[in-house]
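Take a look at the model below. Keep the sequence at hand while you read.

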Amino acid sequence: ILIGLPQYYSLQAALQNGEMILKPSACRAFEARKPGRRLSTKRVKASDRASSLPHEHGAFSPDGIFRITQRVCDFQLDQFGVVNNSVYCNYLEHCRSEAFHALGFNVHETARQGKALALSQLNMAYKLPLRSRDTFEVRMWVERVTGARIALGQDIFLQATGEQVLTAEAVIVWLDNRYKPVRLPPEERAAFQKLYEQRIQSLART
């Protein structure tokens with residue numbers, strides 16, 4: 001639906017499990033329609049996207065922190081012109097998902113084995129609103145590791161000013177095929193323990 005904005009962003013639809021899932025397209029913008037002319041499209045060069053979002057897929061640094069850069073899309077705004085509260089959960093989840101992928105964990109393969117990597121708790125504290133086209137960095141690190149849980153610290157910073165937007169703590173658990181919590185597999189626990197130790201060592205040096 002066109003709503004009178006100077007540019008429109010396409011939505012890519014994917015049929016998944018019988019449901020239509022809409023995803024924003026980062027590579028195509030639509031120009032406003034002029035009388036007597038067809039609606040034209042303009043593609044953004046991949047090189048331009050890469051330069052504007054240098055850490056699109058994220059990476060771990062030696063201090064054990066995963067960092068990824070994202071950008072606010074207009075459909076994520078509420079009636080007050082700021083990012084809706086619920087959208088921040090998606091930002092944090094995307095960061096965690098990319099971090100797990102960087103560690104070599106395949107969430108879909110885990111699910112096919114009858115197990116699940118699940119979020120059991122998420123606590124967030126809002127500091128500053130994000131607005132249209134803001135570019136921001138989401139970070140994730142390991143706060144603590146127990147036999148059955150991993151506590152992850154997360155935050156969001158506005159890239160232009162370095163101001164903190166949000167702080168959060170997410171608790172991750174492993175579930176069996178009956179969706180009951182089980183102890184962490186040794187390989188996964190060792191990987192997160194290593195990240196925790198990297199974080200502690202980094203803090204000790206500062």
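## Helix 4 and its surroundings

Helix 4 (residues 186–205) has 20 residues, so at 1.5 Å a residue it should span 28 Å; its end C-alpha atoms lie 29 Å apart, which agrees. Seen down the axis of helix 4, the buried residues fall within an arc of 75°, so they line one face of the helix. Which residues of helix 4 are buried? They are Glu188, Phe192, Leu195, Arg199 and Ser202. The face turned away from this buried side carries exposed residues: Pro186, Glu187, Lys194, Ala204 and Arg205.

What covers the buried residues of helix 4? The cover includes strand 4 (59–60), helix 2 (87–102), strand 7, strand 8 and strand 9 (164–175). Three of these names return below.

## Helix 2

Helix 2 has 16 residues. From its first C-alpha to its last, helix 2 reaches 23 Å, close to the 22 Å expected at 1.5 Å a residue. Its buried residues are Val87, Tyr88, Tyr91, Leu92, Cys95, Arg96, Glu98, Ala99 and Phe100. After helix 2 comes Gly104. The phi of Gly104 is positive, near 95°.

| Helix | Residues in helix | Expected span | Span in the model |
|---|---|---|---|
| Helix 2 | 16 residues | 22 Å | 23 Å |

## Strand 7 and its partners

Now turn to the strands. Strand 7 (residues 135–145) is mostly covered, with nine of its 11 residues buried. Strand 7 pairs with strand 5 (residues 66–71) in the antiparallel sense, over six bridges. Within strand 7, Val138 stands opposite Ile68.

Strand 7 also runs antiparallel to strand 8, and nine bridges join them. Which residue of strand 8 is the bridge partner of Arg139? It is Asp155. Strand 7 and strand 8 form a hairpin, with three residues between them.

## How confident is the model?

This is a predicted model. The protein averages a pLDDT of 79, and 73% of the residues score at least 70. Strand 8 (residues 149–158) has the highest mean pLDDT, 98. Strand 1 (residues 7–16) has the lowest, 35. Over residues 1–52, pLDDT stays under 50. For that stretch, the model has 59 contacts beyond four places in sequence.

Definitions and conventions
Residues numbered from 1 in each chain as written. Predicted model: local features only at pLDDT ≥ 70, side-chain atom pairs only at ≥ 80, totals over all residues. Heavy atoms only, no water. pLDDT = per-residue confidence, 0-100. Helix = DSSP H or I, 4+ residues; strand = E, 2+ residues; numbered from the N terminus. Contact = heavy atoms within 4.5 Å. Buried < 20%, exposed > 50% of the residue type's maximum accessible area, 1.4 Å probe, protein only. Pairing = 2+ DSSP bridges. Expected span 1.5 Å × (residues − 1). Arc of directions from axis to C-beta.
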